Amino acid sequence: MGTILETKQLTVRFGDHVAVDHVSIQIEEHEVKSIIGPNGAGKTTFFNLLSGQLKPTHGHVFFKGENITNLPPALRTRKGIGRSFQITNVFPQLTCFENVRLAVQSKSRVYFNCFSNAKRFKEIEEKAYEWLELVLLDNKADELAVHLAHGEKRKLEIAMLLALETDLLLLDEPTAGMSLEEVPKILEVIQKIKEQRNRTILLIEHKIDMVLDLSDTIMVLFNGRLLADGKPKEIIKNEQVQSAYLGGI
Ligand SMILES: Nc1ncnc2c1ncn2[C@@H]1O[C@H](COP(=O)(O)OP(=O)(O)OP(=O)(O)O)[C@@H](O)[C@H]1O
């Protein structure tokens, strides 16, 4: 296994404010890496630089060894970087199954028409059910997305992201806005994706227990700078991290 994503001295300024400040990291294939840091530390801005929503003022992003710093978001998705947002992104008037099937179709570029191959559609439908099963939503396949609870919508969004079959998943606070009962279910979904060991996950998450449970490595941002990057045990012991973020636990 090698490095799937690397940033070198990645920096973005907004006027006088340096939101991401010379951040150099590496993400290994099939690892789960989390980004933590206080509000305003630069986590979402860093994601925007990786997914192409923002262009850096300085530095580079490499994906599978290729310099993608100047590629637009759609091209990055095609190369294998998929991103979820804090706001759920599903079609409310379609069922869960239809939402995921659309994502599978967009990946396979097969569209329904009367001349098309029925066998191919069957494969697409089976694949859509597989993703729904993986995110524990197969029992809601025929439910309209508009009727789902918030946590279920997040799971549906993750299923749609998985259906795009990107190698790297950028998950931006998948538990944001969830009730206490919903959080363990998302944790279980991410754990299941992790167990398959065929995706790399970069996760922004405020729930520190969840981060410690899931992550192979954790990077800590503080005022746009990389304060620490290492295994959960090292991060927890790091004195700078404790005083800057964890409140000296
Ligand atoms: N487009 C922008 N223009 C100006 N300032 C911005 C812009 N985007 C982000 N910032 C600033 O950059 C800093 C980092 O913001 P960012 O949203 O990345 O932090 P964050 O770590 O994701 O915070 P949170 O945990 O609250 O989501 C903040 O001070 C924010 O106000």
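A residue is called buried here if 20 or more other C-beta atoms lie within 10 Å of its own, exposed if 12 or fewer do, and partly exposed in between, with C-beta atoms placed from the backbone. This is a predicted model, so local features need pLDDT of at least 70 and side-chain atom pairs count only at pLDDT 80 or more, while totals for chains, interfaces and linings use all residues. Residue numbers start from 1 along each chain, following its sequence as written.

**Figure 1. The whole protein, before we zoom in.** The protein has nine helices and 10 strands; these are DSSP runs (H or I, at least four residues, for helices; E, at least two, for strands), numbered from the N terminus. Its radius of gyration is 19 Å, close to the 18 Å that the globule rule gives for 249 residues, so the protein is as compact as a globular protein of that length. That radius is taken over C-alpha atoms, and the rule is 2.2 Å times the number of residues to the power 0.38. Along the principal axes, the C-alpha trace spans about 60 × 40 × 35 Å. Of the 249 residues, 37% count as buried. Take the contacts (C-beta atoms, placed from the backbone, within 7 Å) between residues at least 6 apart in sequence: 67% of them join residues at least 24 apart.

**Figure 2. Helix α6 and what packs over it.** Helix α6 runs over residues 183-196, and its 14 residues reach 21 Å from first C-alpha to last, close to the 20 Å expected at 1.5 Å a residue. The expected span is 1.5 Å times one less than the number of residues. Which residues of α6 are buried? They are Ile186, Val189, Ile190 and Ile193. Seen down the axis of α6, these buried residues fall within an arc of 90°, so they line one face of the helix; the arc is that of the directions from the helix axis to the C-beta atoms. An α-helix has 3.6 residues a turn, so residues three or four places apart point the same way. The cover over the buried residues of α6 includes α5 (150-163), β8 (200-204) and α7 (208-214). Just after α6, Arg197 takes a positive phi of about 50°.

**Figure 3. Around the ligand.** The ligand is surrounded by Phe14, His17, Ala19, Gly37, Asn39, Gly40, Ala41, Gly42, Lys43, Thr44 and Thr45. β2 (17-28) and α1 (43-51) each supply at least two shell residues, and α1 has the largest share, with three. By type, the shell splits into three nonpolar, seven polar and one charged. For that tally, Ala, Val, Leu, Ile, Met, Phe, Trp, Tyr, Cys and Pro are nonpolar, Asp, Glu, Lys and Arg are charged, and the others, Gly among them, are polar.

**Figure 4. Two loop residues with positive phi.** Most residues other than glycine have a negative phi. Leu136 is not a glycine, yet its phi is positive, about 60°. Leu136 sits in the loop between α4 (118-134) and α5, and with 16 C-beta neighbours inside 10 Å it counts as partly exposed. Glu165, also not a glycine, has a positive phi of about 55°. Glu165 belongs to the loop between α5 and β7 (168-172). Is Glu165 buried or partly exposed? Glu165 is partly exposed, with 16 other C-beta atoms within 10 Å.

Figure 5. Leu221 is in strand β9 (residues 217-222) and counts as buried, with 27 C-beta neighbours inside 10 Å. Leaving aside neighbours within four places in sequence, Leu221 is in contact with Ile35, Gly37, Ala41, Gly42, Lys43, Phe46, Leu226 and Leu227. Leu227 is found in strand β10 (residues 225-230) and is partly exposed, with 18 other C-beta atoms within 10 Å. Not counting residues up to four places away in sequence, Ala228 touches Val220, Ile235, Asn238, Gln240 and Val241.

Definitions and conventions. Contact = placed C-beta atoms within 7 Å. Near = placed C-beta within 6 Å.
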